[in-house]
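Okay, thanks for coming, everyone. I'd like to walk you through one model today, so let me put it up on the screen.

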Amino acid sequence: MVNYLITRFVKDYQETDKPKVRTAYGNLAGIIGVIANFILFVAKLLGGILVGSISIMADGFNNLSDMASSIIGLVGIKMAERPADEEHPFGHGRMEYIAALIVSFLIMQVGLSLFKEAFKKVKTPEKLSFSLLVVIILLLSIGVKLWLAMFNKKIGSKIRSKVIEAAGKDALGDVIVTSGTLASLLFYRFTQINVDGIVGIIVSVVVFYNGIGVAKDTISPLLGEAISYKDYDKITKFVNSFKGVIGSHDLLIHQYGPEKSMASIHVEIPNHYSMEESHEIVDRIEREALAKLGVTLVIHADPVEMVDKIVLKTRKRVLEVVQEVDLQVGIHDFHLSYGESGMINLVFDITIPYEYSKEKEEYIEKEIKRKLKRIDPKYHSIITIDRSFVKGI
């Protein structure tokens, strides 16, 4: 069903990197969300009135907020498609995140309103009645929401849309909410005990919690996230595949929307290459990164000694010492120079995991210097500490 809708309503559906195709996917998800949630809202509102259940009506108003969320998502994705202009040279891609943030506030507001109404019902419970029709409506609602969760998850992952992924998570939460509502109605049918207000409170808390979850998922890319290992691996492997590149480090990625990324990276190139040769390599990588990865890449070239045997041997020795201190620490930008009184300056950077404490960072630096000094008292280590911005390594 999902694949049929995609192939039927999204032109060039396989080319998800194109803005118009992304918008078409977003429109499809938004329109289906609006239609499905409006039908569920009307059905649950009428069903709640029929049996006098606040939890069913609360569940219905939750669907109404979902409908509003779908409309905001539609608008957000459409606005995110707008090209760069004089005031926004990086485009409007982050509008999609802002739309998802608005959706999260709407969900939390609905949760608070439902909590107030449910609390009143706990204090002054009203008589319920049982209806098989309402049971059928709730069962159908669970089925529809399960399908919407799967549908939005698939669409959201295809076009990397936070707002659509948020809608999918919200739909999955609604399954739990409606299941609880149905359970309270069946419990009343067989025991004549009215737990409608209590279930209404539980429903409202779940709705509010879903809103917080959506907000957290949305605020993260707005503040700036750590690089995922998948993105790190993809970009570094691409850069390192070019002839003349020995290695790379210090990758930073800035997101300006799901499909707009800018990145900077340091690339190691043999120091015997001329400036023109190094520039040609860097220029080619930047052009192809934009064409093949869709990433605007800015590259800093680091010259690396590849001939001098003393430098190569010393660099290997330093790497062994660093790995002996901590296997998760790497080195780069190694240089060797000679100072006064026969001192040998070892100048290099170390990269440590971002989660390491300041105390651990200082310990690692001291241990490296101590061990190198033990190998040769003439070694004078000048260490610059870099923190990794990669999630998971």
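So, leaving aside its neighbours within four places in sequence, which residues is I155 in contact with? They are I6, Y25, A29 and I164, where contact means heavy atoms within 4.5 Å.

Quick housekeeping. This is a predicted model, where local features need pLDDT of at least 70 and side-chain atom pairs count only at pLDDT 80 or more, while totals for chains, interfaces and linings use all residues. Residues are numbered from 1 along each chain as its sequence is written, and side-chain values use heavy atoms, with hydrogens and water left out.

Back to I155. It's among the residues with the most contacts inside the largest nonpolar core, which has 21 residues; I6, Y25 and I164 are on that list too. By nonpolar core I mean buried Ala, Val, Leu, Ile, Met, Phe, Trp, Tyr and Cys residues joined through side-chain atoms within 4.5 Å. Buried is under 20% relative accessible area, exposed is over 50%, and partly exposed is in between, using a 1.4 Å probe and protein chains only. The elements giving two or more residues to this core are α1 (2–9), α2 (19–51), α5 (132–159) and α6 (162–191), and α2 gives the most, with seven. Helices here are DSSP runs of H or I, at least four residues, and strands are runs of E, at least two, numbered from the N terminus. There's also a second, separate core of 20 residues, including V329 and F334.

Now the sheet. It's open, with three strands in the order β2-β3-β4 and mixed pairing; two strands pair if DSSP finds at least two bridges between them. The edge strands, β2 and β4 (295–304), each pair on one side only. Helix α8 (residues 229–240) lies across β2, β3 and β4, at about 130 degrees to β2. Angles run from 0 to 180 degrees between N-to-C directions, with axes fitted to C-alpha atoms, for helices over the stretch in contact.

Last stop: H249, in strand β2 (residues 247–255). Buried or exposed? With a relative accessible area of 10%, H249 is buried. Its side chain makes a polar contact with the side chain of D302, at 3.0 Å. That term means a pair of N or O atoms within 3.5 Å; within protein, one must be able to donate a hydrogen and the other to accept it, and residues adjacent in sequence count only if both atoms are side-chain atoms.
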